[in-house]
Amino acid sequence: MAGVIGTGSMGRGIAQVLAEAGVVVRLADADPGAAEAARGFIADMLARKIAKGQCDEAHRVATLDRLVIVPAEPEAFAGVDLVVEAIVEALDVKRRLFSGLEPAVGPDCILASNTSSLSVTAIAAGCAVPERVAGFHFFNPVPVMKIVEVVAGARTAPWVTAALTALAGRTGHRAANVADSPGFLVNHAGRGFGVEALRILQDGVARPVDIDRIMRDAAGFRMGPFELFDLVGLDVSQPVMESIYNQFFQEPRFRPSPIGRNRMESGLLGRKTGAGFYVYENGRARIEPDPEPDPRAGAAVDAPIWVGPAADPRWRGEVQTLVAQTGLEVDAGARPQPSSIVLLLPLGQDCTGAALAQDVDPRRAIAIDPMFGVGRRLTLMTSPATDPALAEGMAVRLGAGDVAVTRIRDSVGFVAQRITAQIINVGCEIAQMRIAAPGDIDPAVEMGLGYPTGPLALGDRLGPLHVLAVLEGLFGATGDPRYRPSPWLSRRARLGLSLTHDEA
Ligand code: NAI
């Protein structure tokens, strides 16, 4: 038997999945009528499931019978095996709730918190028996998001996390076992995406709409980072960015951008205020289409195209094929002819650095991000010396077929190399710090954040050595420790091991 205290968006979801799994749940809320409203809400949810053929009336009746509304008083929870709290996100209130419950419940009753940002250790510190306190962090909406973080505070007993993990299995949720640390696993892993996107914006490399397009079309994310900021609201995202940064004592990898704070203070919060990084009309973002190519610009491309070497030789072949498909002549020489236009394929370098390293004329050099293949969108990057007419001409010619082209300013690691390298690096640090095991990191991030793959699998797909090269390039060019490679990544890359590989 379990108890759920706080029956708002999270508590009602937790109560539903527990009751559906056969657990009798005592429901309580400080707000009179709130627990009844939650039970009514769950009844509606179950009716929808019946309409979709996902369960039958008998399941609905039995589930609702298991939801027992009780007063929000400690005595109402006598005899339960577990209490999950999903009340207001305030340390002192949660501590008071748990210490009040302790004398009323049995010695083996687990006290679990659904907190997403408070320290489980700090909540437990208010209890006489902190060993029985753990985090049980579900995601919204609970019945749909089939992942839960089981968080062990500094003093949590192993039987407590084992029991919560087993219970999660009964509800059909995958439990990720996580050590108590800021952002736990999923919200910690989410630092790479938005924080680096804001840094790219701050560096003046590309506009939000361009960064979003690249991350969707080239890197395969369902949503771009700025679309996500607008969806969640900067009033939520910015404080989380600042809080995790500060809880890690100003870890440079998580350093937020002043752009986020400025925009939050100006009220450009996103969808909820009708304007964020995009402007919304009738709930839809007004997004300007890709610029119409000017066919006259293509005429500037009047020379053969020499494609530079790449970290993976296949990339050069792919780009040469694309060039030939668009009707341009390929200069296949070992070195470019003086009249040739140079297409560079740098990894962890900007166009400037790549042109100098290849000893080619920087005025005729343009870089293409090779790491994500020639798919739906190419990122085309120029140095300050690149002839603008040539760059525009190449964008038009390469974008003439099925591939869209986004132009950006010079940036070590373009856009997608930078953001994916940071996502992977943060994931590797989570493994390095033993916050979670590799086998839990990827599924939790995939399910919790909706990424196409978890960070370790993403690193394996892109090539650990390639990711390492991007980070080393960024670190070398900027001197910023935010880009220092995680030892977890660096060791496995150099040893030729998968990023999911753990020591025995
Ligand atoms: P909510 O505001 O929808 O619901 C909170 C409920 O708790 C309200 O019904 C309120 O009346 C009740 N309550 C507040 N103080 C209480 C007390 N002392 N005793 C009994 N009931 C009390 O909040 P929501 O979104 O459900 O969040 C609850 C917890 O879950 C918070 O700790 C939050 O950080 C965490 N969380 C929220 C997520 C979300 O997406 N909303 C995701 C994951 C965790």
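**Cavities and pocket**

Modeller: The lining of the second largest cavity divides into 6 nonpolar, 1 polar and 2 charged residues. Nonpolar here means Ala, Val, Leu, Ile, Met, Phe, Trp, Tyr, Cys and Pro; charged means Asp, Glu, Lys and Arg; the others, Gly among them, are polar. This is a predicted model: local features need pLDDT of at least 70 and side-chain atom pairs 80 or more, while totals for chains, interfaces and linings use all residues. Residues are numbered from 1 along each chain as its sequence is written, and side-chain values use heavy atoms, without hydrogens or water.

The lining residues of that second largest cavity are Trp315, Glu318, Val319, Ile368, Asp369, Pro370, Gly373, Val374 and Leu378. Helix H14 (residues 313-325) gives the largest share, 3 residues. The space amounts to about 40 Å³. Helices (H or I, at least four residues) and strands (E, at least two) are DSSP runs, numbered from the N terminus.

The structure holds 2 cavities of 30 Å³ or more. On a 1 Å grid over the protein atoms alone, a cavity is a set of points where a 1.4 Å probe fits but cannot get out; a pocket is an open set with protein on both sides within 12 Å along at least five of seven lines; lining residues have an atom within 4 Å of a point. Volume is the space filled by probe spheres on points joined across faces, edges and corners.

The largest cavity also contains about 40 Å³. Ala218, Asp369, Phe372, Gly373, Arg377, Leu378 and Thr379 line it. Strand S15 (residues 377-382) supplies the largest share of the largest cavity's lining, 3 residues. By class, that lining has 3 nonpolar, 2 polar and 2 charged residues.

Now the open space. The largest pocket has a volume of about 1,200 Å³. It is lined by 39 residues, and those closest to its centre are Asn187, Leu228, Val232, Gly448 and Leu449. Their classes are 22 nonpolar, 14 polar and 3 charged. H11 (234-247) makes the largest contribution to the pocket lining, with 8 residues. Other elements that each supply at least two residues are strand S6 and helices H7 (186-189), H8 (191-202), H10 (225-232) and H18 (438-449).
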